Amino acid sequence: MRKFYYSTNVLKYYTITNLFNTHVHTSNTSSRIPSGRSYYTSISVDEGYNIDSITVTMGGIPIEVIDNQIEINSVNGDIIVEVIVSEGNNVIVTYNLTNI
């Protein structure tokens, strides 16, 4: 007689959705991640672009972003990363006018 063993522990995967344009880059290009694993990524933009905001949620709950870094110790929901950028550098020019 054959004995069959099986596990009821099916590994659940969550999706990682990146909502940003081609001028934004992420150090982690995964599109899915197993439940319980850690997730880390760094956000950067092309030269001439500025990051206006980074919004991250996991399972609909906001995740804090510090210095363009996203760090989640244990994934337990779908991750959505949204990055808003603007074009142009903010430059302040100061003139010192004397003898006018």
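The legends below describe close-up views of one predicted model. Local features need pLDDT of at least 70, side-chain atom pairs count only at pLDDT 80 or more, and totals for chains, interfaces and linings use all residues. Residues are numbered from 1 along each chain as its sequence is written, and side-chain values use heavy atoms, with hydrogens and water left out.

**View 1. The protein has eight strands and zero helices.** Helices (H or I, at least four residues) and strands (E, at least two) are DSSP runs, numbered from the N terminus. From that end the elements read β-β-β-β-β-β-β-β. Of the 100 residues, 24% count as buried. Buried means under 20% relative accessible area, exposed over 50%, and partly exposed in between (1.4 Å probe, protein chains only).

**View 2. Five strands form an open sheet in the order S3-S1-S8-S5-S6.** Pairing here is mixed; two strands pair if DSSP finds at least two bridges between them. Strands S3 (32-34) and S6 (61-63) stand at the edges with a single partner strand each, so one side of each lacks a neighbour in the sheet. The twist from one strand to the next averages 25°. Axes are lines fitted to C-alpha atoms, and angles run from 0 to 180 degrees between N-to-C directions.

**View 3. Strands S5 (residues 49-58) and S8 (residues 79-87) pair in the antiparallel sense.** Nine bridges join them. Serine 53 has isoleucine 84 in S8 as its bridge partner.

**View 4. An open antiparallel sheet of three strands runs S2-S4-S7.** Strands S2 (24-26) and S7 (69-72) are at the edges, each with a single partner strand, so one side of each is left without a neighbour in the sheet. Neighbouring strands are turned by 20° against each other on average, direction ignored. S4 (residues 39-45) and S7 pair over four bridges. Tyrosine 40 stands opposite glutamate 71 in S7.

**View 5. The largest nonpolar core holds 18 residues.** A nonpolar core is a set of buried Ala, Val, Leu, Ile, Met, Phe, Trp, Tyr and Cys residues joined through side-chain atoms within 4.5 Å. Tyr39, Ile72, Val75 and Ile79 touch the most other members. S1 (13-19), S4, S5, S7 and S8 each give two or more residues to this core. Beyond its neighbours within four places in sequence, isoleucine 79 contacts residues including Thr15, Tyr39, Val56 and Ile72. Contact means heavy atoms within 4.5 Å.

**View 6. The charged end of arginine 32 sits over the ring of tyrosine 13.** The distance to the ring centre is 3.9 Å. A charge sits over a ring if NZ of Lys or CZ of Arg is within 6 Å of the ring centre and within 35 degrees of the ring normal.
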